[in-house]
Each structure stands twice: as C-alpha cells, then as structure tokens.
Amino acid sequence: MILFTNAKAGTHDAQTLDRAAALLRDAGRDVTVCPCVAPGDLDEALDGDRKAVVVAAGGDGSINRLVSTLHRRGELDRTVGLVPMGTGNDLARNLGIPLDPDEAVRLLLDGGHRDLDMLVDEDGRVTLNAVHVGIGASAAESATRFKSTLKVAAFPLGAVIAGLRHSGWRLRAEADGEVVAEGKFLMASLSNAPGIAGGSAQLAVDAHPGDGKMELVVSAATGPIARIAYALRLRDGSHRHRDDVLHTTAREVTISGQEFRSNSDGEVSGPYTTRTWTLRPGAWRLIAPPRPA
C-alpha cells in the first residue's frame with residue numbers, strides 16, 4: 001500500500017498517520033508513506049509501484065486529488081482507499097467509512113470494493129461528492145478561514161456569511177440538453193452523494209455515489225426570509241419539497257449565465273460563465289462498506 005498525505009499536516013495528523021501505517025504493517029502489509037509537497041510527488045510515487053493499493057490519508061480534498069491524478073494518468077482501475085483525516089470528510093460519511101482512523105484501517109484490511117461514479121467537467125476536473133455554483137461556492141470561501149479553529153462548525157458559519165452577502169445569480173441550467181431552469185437563483189448544485197458540509201446538510205437524500213445518476217438541485221430562494229427557510233430545510237433534506245426548488249436527475253448538466261465561481265469537493269475555482277459536468281458511472285473503485293439495501 002502507498003499512503004498519501006499532505007506534508008504540511010500538523011503534528012496530530014502526523015501521529016495519526018504513523019499509527020495507521022504501523023497498524024497496516026503489523027497486519028503484514030508492505031506500506032510506503034508518501035508526504036506530498038510538490039505537484040510531481042504523487043506521480044513519482046505512483047510511477048514507483050503501479051500495482052499497490054493507493055490510500056489517501058486526509059480529507060475530501062486529498063481523496064479528490066488522488067482520484068483526479070489517477071484519472072489524468074488513465075489508471076482508474078487501481079484500487080483506492082481512504083483514511084479520513086479532514087474537516088468535513090463528506091465522502092467518508094456518505095459511504096459509511098469510519099471516521100475513527102483505527103477502524104478505517106481495519107476496513108482497508110477487511111473491506112470490499114465499491115465501483116463509484118464521478119463527475120468530470122470540460123477541463124477534466126473531477127468531482128466525487130458535489131459541485132456547487134452560487135451560494136455554495138461563496139459559503140466554502142467564507143468557511144475556509146474558520147476551519148482550523150471551528151472544524152465542521154465552520155461550514156454553517158460560512159453559509160450564514162455568504163447568505164448575508166449574496167442574494168442570487170442569473171443562471172440557466174440544462175439537464176441532458178434540455179433547459180430545466182432559467183432565472184435568478186441562490187444556488188445550483190450537482191450531487192453524487194446525499195450529505196455535504198460535514199454532514200450538516202442533506203443536499204440530495206436519495207443520491208448514491210454508484211447509482212449512475214447525478215442529482216441537480218436549483219434553488220430560487222433568493223429573498224431574505226426564503227434564504228433562511230431554505231437553509232433550515234436543507235439540514236434534513238426537506239428543501240426539495242419547496243415550490244422554489246427544482247430537483248431532478250441527469251447524466252450531463254450545463255450551468256451558464258452571470259459570472260460565477262464553482263466549489264468542487266471543497267475546492268473553489270473560476271470565475272466562469274459556463275460549465276458542463278458529465279457523469280462517469282462506475283469510473284473508480286474504493287475500499288468501502290457495501291451499499292445499504
């Protein structure tokens with residue numbers, strides 16, 4: 001196994017990583033720890049062993065970086081593992097991967113494989129959990145400066161700050177070539193899994209990361225009271241029943257219109273005036289518990 005980690009991680013993370021590697025070695029696994037600093041570090045380690053199971057020890061950004069690199073290299077047939085060590089750990093929460101590092105290591109040793117979908121935009125950027133346009137991207141930017149102190153609580157705080165600053169964007173949403181929404185919207189989101197923001201919001205309660213569908217949620221809750229009501233109902237997933245919310249599924253979605261930024265698995269990019277995301281069903285393989293019946 002190769003364990004990839006952020007070389008800039010703090011002392012606590014380094015201790016957790018050392019323990020994870022020790023547990024794997026005690027179980028008879030050959031383990032290489034790869035602290036990544038430069039962009040080429042990950043490629044160099046992958047070149048060194050093309051058969052090893054590759055494990056991201058980190059959060060949603062770390063697992064996204066690993067899978068994105070495998071996608072770019074044409075190596076998505078490699079088995080991937082995850083030891084959650086991030087702030088939100090949305091992918092782990094959505095798939096039932098234990099947040100306790102020792103239990104996550106046991107899953108690496110004993111767990112089965114799941115073939116999972118991913119979203120890819122026209123530039124090859126990969127999304128494993130969800131991508132947001134509008135308030136979701138602004139909330140992620142606002143939450144960033146609070147993550148080190150507030151941890152998961154930074155996400156709802158970021159959403160509050162973003163909600164006070166922005167009242168909406170004029171956008172157009174196309175699903176599988178058909179215009180499904182056009183106007184002023186608070187947000188447009190594509191989800192590959194139910195929970196976001198460290199489990200504090202259920203964006204698409206029916207979503208599963210391997211069901212061959214992506215969920216499109218477009219909210220026109222732009223008024224002050226509507227924004228608050230939408231945010232409250234987002235916590236349990238009942239927002240989709242509001243009259244000002246569109247919820248549908250698609251294999252390809254294009255968002256265009258007023259200049260916007262995009263938040264993909266916690267990483268904000270842009271600005272853009274148009275973006276297209278395409279679903280890649282069963283594109284990669286992760287060690288994870290089986291999907292609940």
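How much accessible surface does the chain have, and what share of that surface belongs to carbon and sulfur atoms? The accessible surface is about 13000 Å², and carbon and sulfur atoms hold 49% of that area. Please keep in mind as you read that this is a predicted model.

**The chain as a whole**

Let's start with the overall picture. Nine helices and 16 strands make up the secondary structure. The chain has 293 residues, and 51% of them count as buried. Among contacts with a separation of 6 or more, 71% are between residues 24 or more positions apart.

The largest nonpolar core contains 46 residues. Within that core, F4, M118, W284 and L286 have the most contacts. Leaving aside residues up to four places away in sequence, W284 touches V67, L76, V80, L91, R114, D115, L116, D117, M118 and L128. There is also a second, separate core of 34 residues, which includes V131, L203, Y230 and F260.

**An aromatic pair**

A search of the whole structure turns up one aromatic pair. Its members are F260 and Y272, with ring centres 6.2 Å apart; the planes meet at 55 degrees, so the pair is tilted. The two partners look like this:

| Residue | Strand | Relative accessibility |
|---|---|---|
| F260 | β15 (residues 252–264) | 2% |
| Y272 | β16 (residues 267–287) | 14% |

Because F260 belongs to β15 and Y272 to β16, the pair ties together parts that are twelve residues apart in sequence. Why does F260 count as buried? Its relative accessibility is 2%, and buried means under 20%. By that cut-off, Y272 counts as buried too, at 14%.

**Helix α2 and its two sides**

Helix α2 spans residues 40–48, and its buried residues are L42, D43, A45 and L46. Where do these residues sit around the axis of α2? They cover an arc of only 165 degrees, which means that they are on the same side of the helix. On the other side of α2 you will find E44 and G48, both exposed.

Methods
Residues numbered from 1 in each chain as written. Predicted model: local features only at pLDDT ≥ 70, side-chain atom pairs only at ≥ 80, totals over all residues. Heavy atoms only, no water. Phe/Tyr/Trp six-rings, centres within 6.5 Å; stacked < 30°, edge-to-face > 60°. Helix = DSSP H or I, 4+ residues; strand = E, 2+ residues; numbered from the N terminus. Buried < 20%, exposed > 50% of the residue type's maximum accessible area, 1.4 Å probe, protein only. Arc of directions from axis to C-beta. Contact = heavy atoms within 4.5 Å. Areas by Shrake-Rupley, 256 points an atom, 1.4 Å probe, with all protein chains shown as cover. Core = buried A, V, L, I, M, F, W, Y, C linked by side-chain atoms within 4.5 Å.
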